[in-house]
Amino acid sequence: MRLEHVGRRHGLRGPWVLREVRLDLPAGTLVRVLGTNGTGKSTLLRIVAGVDAPTEGRVTDRPARTAYVPERFPVALPFTAGDYLVHLGRIQGLGPAAARAGAGEWLERFGAAEHARTDMAELSKGTSQKVAVAQALLADPDLLVLDEAWTGLDTGARAELDAAVRERRAAGATVVFVDHDPRRLAGEADAVYEVASGRVREKAPPERARAGTPTGADEEATPCPRVRIAVSGGRGPLPGRLPGAPVVTEPGPGDTATVLTVDAAHSDALLAALLAASWHIDHLTTEGVRV
Ligand SMILES: Nc1ncnc2c1ncn2[C@@H]1O[C@H](COP(=O)(O)OP(=O)(O)OP(=O)(O)O)[C@@H](O)[C@H]1O
């Protein structure tokens, strides 16, 4: 999808929050949005997700299956957590059985299964955030927009959301996120954008800087080590879009393993995507050292 000349202001004469935003958001990419408080990150994410419309410019080719976790989630809803998720799953096009299964699975993954029958209004802040995140993952979205979605989650649920993000990207979805913690998915973003003074500018992500893309006259580029991952036994073909765009070497005569070679900065994300797709990791080699 793409944002073309997008601008947003509130009210007829309000100050412009964003102006002349041009953004390419290709399928199968993880995109981080940075910026100091009040610069317009949430405004940008709402427009990307389609819950807010630009004042000027246009958004094209937004995937039909889009999910969004807002910075503030409405908690005082007249449902139990489980019923709310089933309801949201149905709205997102799932049948009743799939919606119930998805609700149960995601509550389980985030460690909140015991709250399926708790009223939303009675959930703790952290559990309510787990429901907010679960509703976005229920229907395998092709565009996932996360506005500080990790805030309030416990350590296990944060790791689970990291894994879910990698799975969605490996499945070909676009994931756009804001998070105040610079270590969140560090080194895994395919693109990093900064919102400042009403404009959105691309910053070179650290992994690209390590791989040698110039980011500034005084920055010294060091080559990124390559990791070779030998895999076998997947239940189907390799996923179409894999983190880090690895070089894939099919097994030769007498071999059973397919070998994927990728920059070390992408190896964790690639391993997670391969495991999520039920591939077996035979061995892993970094610059001649077998692990
Ligand atoms: N509904 C609204 N009406 C008027 N002004 C608004 C509205 N929503 C946002 N703004 C203003 O737009 C600007 C950008 O807000 P936004 O929430 O997008 O920033 P942000 O970068 O996400 O901030 P934070 O990091 O604090 O979450 C702010 O000046 C804010 O006051």
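**A close look at strand β8 and beyond**

Mentor: Happy to! In this predicted model, let's begin with β8 and strand β9 (residues 199-203), which pair in the antiparallel sense over 5 bridges. Within that pairing, Tyr193 has Glu202 in β9 as its bridge partner. The two strands make a hairpin with 2 residues between them, and Ser197 in the turn shows a positive phi of about 50°. β8 (residues 191-196) also pairs with strand β3 (residues 30-34); these two run parallel and are joined by 4 bridges. There, Arg32 stands opposite Val192 in β8.

From the strands, let's move on to the cores. The largest nonpolar core has 59 residues, and Leu44, Leu85, Val133, Ala134, Val145 and Val176 touch the most other members. Helix α4 (residues 125-137) supplies the largest share of this core, with 6 residues. Leaving aside residues up to four places away in sequence, Ala134 touches Leu85, Trp106, Leu107 and Phe110. Another core, of 14 residues, lies apart from the largest one, and its members include Ala170, Val231, Ala269 and Leu274.

Finally, have a look at helix α7 (residues 267-276): it is largely enclosed by the rest of the structure, because 7 of its 10 residues are buried. Those buried residues are Ser267, Ala269, Leu270, Leu271, Ala272, Ala273 and Leu274. Their cover includes α5 (155-170), β10 (226-232), β12 (258-263) and β13 (280-286). Just after α7, Ser278 takes a positive phi of about 65°.

How values were computed
Residues numbered from 1 in each chain as written. Predicted model: local features only at pLDDT ≥ 70, side-chain atom pairs only at ≥ 80, totals over all residues. Buried ≥ 20, exposed ≤ 12 C-beta atoms within 10 Å, placed from the backbone. Contact = placed C-beta atoms within 7 Å. Core = buried A, V, L, I, M, F, W, Y, C linked by C-beta atoms within 7 Å. Pairing = 2+ DSSP bridges.
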